[in-house]
Amino acid sequence: MYEKIFEKASEGKGLIREEIEKLLSIKDQDSLNLLFETARDLKRKHFGEKVFTYGFVYFSTFCRNNCSFCYYRRDNNIERYRKTIEETVSLSGDLQDSGVNLVDLTMGEDQTMHANDNEKLIEMVEKVNSAVSIPIMLSPGAVPEEAFPMFRKAGAEWFACYQETHNRRLFSEMRLEQDFDHRSNQRSWAKRYGMMAEDGIMVGIGETRSDIADSVIQMGAEGCEQIRTMTFVPQSGTPMSAMRKEKEKELKVMAIMRLAYPDRLIPASLDVEGIEGLIPRIRAGANIVTSIVPPRMHLAGVAQKELDIDSGFRSMEHVANVLEKEGCKIGRNSEYESMLRDIRRRRCVA
């Protein structure tokens with residue numbers, strides 16, 4: 001029933017909307033297995049068995065937004081923290097020493113960091129960039145266009161800002177009082193000023209198959225070098241806390257994204273199911289491990305603020321052990337940099 005779609009994707013011809021929606025309808029295990037097998041084959045064709053790793057520094061949990069799905073929403077009465085620049089530099093150095101290929105500097109939309117044209121945020125990026133030799137991804141929320149050349153000059157090579165959904169109604173229900181187009185522009189602005197960009201969607205928020213197909217197509221049209229999907233995790237103190245968590249959809253969408261865009265970087269996040277969820281995501285076509293967090297440093301995750309962190313299960317050492325047992329090869333920094341050069345070269349040619 002799905003063999004022609006798998007055959008077409010295996011030849012690198014991508015997917016059209018009808019094919020994406022058809023694959024989203026898969027229910028039987030044999031067809032799911034073929035979907036994942038095709039995704040793995042395409043990943044191997046473009047990346048071999050290499051898996052690259054991203055360290056995660058969630059340096060501020062303060063946020064001016066009131067997103068209905070997020071634990072760190074403005075109105076949630078929780079303990080928060082803001083790491084100093086010195087602490088963030090130290091944490092980034094520790095992550096580099098542990099062997100990650102990139103450090104992801106993430107925060108809520110913290111007004112202190114955004115004040116005076118992002119003065120403190122830019123200083124933080126500059127100092128982290130001076131202290132580490134691996135690429136920096138910046139995830140500061142939605143910012144004005146004029147911030148991007150300053151971020152790039154400071155040393156940020158990547159910019160991540162997830163739309164979560166490309167359905168405007170769903171977006172307005174999730175990201176309260178935020179502008180869909182302003183957020184959508186973040187990736188194109190990042191690319192305009194010489195950065196690579198990541199977009200992502202959340203599944204399990206009431207979306208339809210058509211909504212997911214829209215998002216997969218839109219992320220491809222944006223030309224983002226990295227695309228992701230993550231399962232919605234209900235959070236206490238939020239309007240969406242009573243929704244149930246859907247476990248199966250993320251893997252299916254991840255594999256479909258690999259079939260649609262074989263040469264894109266697709267992350268497996270440790271923030272949803274921790275270390276237990278890593279290998280199923282790798283087997284669904286992911287080739288990046290994100291949200292690696294050093295233990296006992298009082299850092300939080302986003303979707304799961306404590307999951308597997310202080311136990312050390314989200315440390316680079318533990319992640320590497322799990323990946324090696326799966327037969328994956330941990331990518332070296334030189335290999336990651338070489339891959340990024342190839343990605344930039346393809347983008348320029350395109």
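Visitor: What makes the crossing of helix 5 and helix 6 right-handed or left-handed?
Guide: In this predicted model, helix 5 passes helix 6 in a right-handed crossing. The term applies because the near helix is turned clockwise from the far one by less than a right angle.

Visitor: Why is helix 5 called roughly parallel to helix 6?
Guide: The axes of helix 5 (residues 111-131) and helix 6 (residues 147-154) cross at roughly 25°. Angles under 35 degrees count as roughly parallel, so helix 5 is roughly parallel to helix 6. Their axes come within 8 Å.

Visitor: Which residues of helix 5 and helix 6 meet?
Guide: From helix 5 come Asp117, Asn118, Leu121, Ile122, Val125, Glu126 and Asn129. From helix 6 come Ala147, Met150, Phe151 and Ala154. The residues of this contact divide into seven nonpolar, two polar and two charged.

Visitor: How do you know that the buried residues of helix 12 line one face?
Guide: Met316, Val319, Ala320 and Leu323 in helix 12 (residues 316-325) are buried; the cut-off is under 20% relative accessible area. Seen down the helix axis, these buried residues fall within an arc of 100°, so they line one face of helix 12.

Visitor: Which residues are exposed on the other side of helix 12?
Guide: Glu317 and Lys325 are exposed there. Exposed means over 50% relative accessible area.

Visitor: What covers the buried residues of helix 12?
Guide: The cover includes strand 1 (50-60), helix 4 (85-98), helix 11 (278-283), strand 8 (288-292) and strand 9 (329-330).

Key:
Residues are numbered from 1 along each chain as its sequence is written. This is a predicted model: local features need pLDDT of at least 70, side-chain atom pairs count only at pLDDT 80 or more; totals for chains, interfaces and linings use all residues. Side-chain values use heavy atoms; hydrogens and water are left out. Axes are lines fitted to C-alpha atoms, for helices over the stretch in contact, and angles run from 0 to 180 degrees between N-to-C directions. Helices (H or I, at least four residues) and strands (E, at least two) are DSSP runs, numbered from the N terminus. Angles under 35 degrees count as roughly parallel, over 145 as roughly antiparallel, 65 to 115 as roughly perpendicular and the rest as oblique. Contact means heavy atoms within 4.5 Å. Ala, Val, Leu, Ile, Met, Phe, Trp, Tyr, Cys and Pro count as nonpolar, Asp, Glu, Lys and Arg as charged, and the others, Gly among them, as polar. Buried means under 20% relative accessible area, exposed over 50%, partly exposed in between (1.4 Å probe, protein chains only). The arc is that of the directions from the helix axis to the C-beta atoms.
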